Amino acid sequence: MSIYKKILCAFIFILLTGNVLAQSSSENGNSPSTNSPYTRYGFGQLSDQSFGNSKAMGGVAYGLRDGSQINPANPASYTAIDSLTFLFDGGFSIQNTNFSEGKVKQNAKNSSFDYIAMQFRLHRRLALTLGFMPFSSVGYSISTEEKINGTPNPNLTAYSTYNGSGGLNQLFLGAGFKVFNGLSVGVNASYLFGTITHSSQVSFSDNSFNMSNKTNSIRVQDYKLDFGLQYTQKIGQKQNITLGAVYSLKHKLNNDSYKATQRGSISSSGSYIAQGANVEPVDGFEFPHCFGAGLTYVYDKRLTVGFDYTLQKWGDVKYFDKVGEELKDRSKYSLGIEFLPSYTTRNYFAKIRYRVGAYYSDPYVKVRNGKGADEFGVSAGFGLPIFMNKSILNISAQYIKVKPQVSGLLEENYMKISIGLTFNERWFAKWKVQ
């Protein structure tokens with residue numbers, strides 16, 4: 001099979017699989033990627049920015065340098081690719097989620113498109129990457145009913161529904177530059193775009209009470225800049241340590257957003273009568289300073305151990321013109337291991353990359369009394385060599401637990417399967433005529 005056919009088949013496979021899974025979720029009344037009520041807050045559920053190998057290693061990425069895998073979490077890693085290689089990478093996930101609140105339990109199945117990217121070298125010191133991946137997702141539908149006291153009608157009940165959909169995406173162009181052997185720097189310039197809609201409706205069992213409908217819409221079209229650095233120090237002949245650091249720039253988001261409120265009542269004939277509406281434009285949204293650092297140890301190109309720390313300063317940014325009311329700073333800790341038994345043997349199983357990892361993250365949104373839900377995750381997976389051992393099929397399983405910091409909030413348990421396909425081809429070799 002030619003190089004072009006391989007890449008075309010992979011591209012079609014990723015798009016068709018993601019589309020089929022998304023359609024299946026929509027037919028079941030689910031959001032294509034999430035059903036979490038916690039996406040009511042902030043910009044929703046922040047997407048995992050890691051690719052196939054990193055997903056199985058708990059999200060470790062800042063110090064990873066692997067010329068056969070794309071690592072957009074640190075653009076300085078792009079220089080690890082050799083001069084003859086072209087990489088094409090894409091992936092998707094499917095997940096099963098169990099929700100529990102007291103004795104009430106629910107289940108939801110979702111799918112998501114995770115990423116697609118390509119990478120190649122422009123110069124012996126310069127490599128380029130182009131890709132697309134989600135930044136956040138929103139999807140929930142909640143219904144409640146509550147008895148209202150202190151009115152002439154002792155049976156008065158309020159019925160509330162809350163719905164949310166949408167998310168933000170990023171199309172990025174990245175470049176990595178090798179300053180000298182051991183030190184590389186890089187930058188990702190992203191176009192951040194998307195629309196998020198939150199709506200709520202309140203009605204009453206007594207039609208003499210007015211109904212209300214509220215809609216908050218956030219539409220973003222702006223840039224996002226991420227900078228990266230990696231320094232590798234050799235230790236003897238077979239060992240090295242890589243220190244990675246990343247930074248994302250804080251700035252005001254260009255957006256077209258508003259808050260809308262409408263009130264009305266139900267007539268005796270059952271029709272809705274609007275009694276007033278108000279639309280208020282909102283412009284106060286910002287993206288935070290984000291910092292990350294990671295340390296990775298590699299032995300004989302076969303054993304990789306990495307640790308990452310991430311800090312996102314959400315508590316300092318404006319959200320609906322207010323600072324610190326709904327968002328808070330978020331920290332994340334990740335630990336991951338990859339083991340390759342041998343890269344010279346002909347034994348297929350010895351060429352499989354075995355990976356495990358774990359992470360912990362605190363929330364970036366405030367839910368009740370300034371508290372949210374902590375997130376714990378463990379992962380394991382494989383990197384299966386295909387097509388003459390250069391290309392890799394990455395498969396990982398993640399168990400994620402979202403546990404509220406205070407009692408009385410929803411607990412979530414995820415089982416996620418992620419599949420990624422990395423094509424590694426020699427595109428730039430010179431032909432020799434004998």
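On a 1 Å grid over the protein atoms alone, a pocket is an open set of points where a 1.4 Å probe fits, with protein on both sides within 12 Å along at least five of seven lines, and its lining residues have an atom within 4 Å of a point. The structure examined here is a predicted model, in which local features need pLDDT of at least 70 and side-chain atom pairs count only at pLDDT 80 or more, while totals for chains, interfaces and linings use all residues. Residues are numbered from 1 along each chain as its sequence is written, and side-chain values use heavy atoms, with hydrogens and water left out.

The secondary structure of the chain comprises 2 helices and 21 strands, taken as DSSP runs numbered from the N terminus (helices H or I, at least four residues; strands E, at least two). Of the 434 residues in the chain, 45% are buried, where buried means under 20% relative accessible area, exposed over 50% and partly exposed in between (1.4 Å probe, protein chains only).

The second largest pocket has a volume of about 1400 Å³, a volume being the space filled by probe spheres set on grid points that are joined across faces, edges and corners. Its lining consists of 45 residues, of which Arg65, Asp66, Gly67, Val298 and Lys301 lie nearest the centre. Among the elements that give two or more residues to this lining are strand E13 (290–299) and strand E14 (303–312). Lys301 itself is placed in the loop between E13 and E14, is exposed with a relative accessible area of 66%, and has a positive phi of about 60° although it is not a glycine.

A positive phi, of about 70°, is also found at Asp321, likewise not a glycine, which is located in the loop between strand E15 (318–319) and strand E16 (322–323) and counts as partly exposed at 46% relative accessibility.

In strand E6 lies Asn188, which is buried, with a relative accessible area of 4%. The side chain of Asn188 makes a polar contact with the side chain of Tyr78 at 2.8 Å, a polar contact being a pair of N or O atoms within 3.5 Å of which, within protein, one must be able to donate a hydrogen and the other to accept it, with residues adjacent in sequence counted only if both atoms are side-chain atoms. Leaving aside neighbours within four places in sequence, the residues in contact with Asn188 (heavy atoms within 4.5 Å) include Pro72, Pro75, Phe172 and Lys224.
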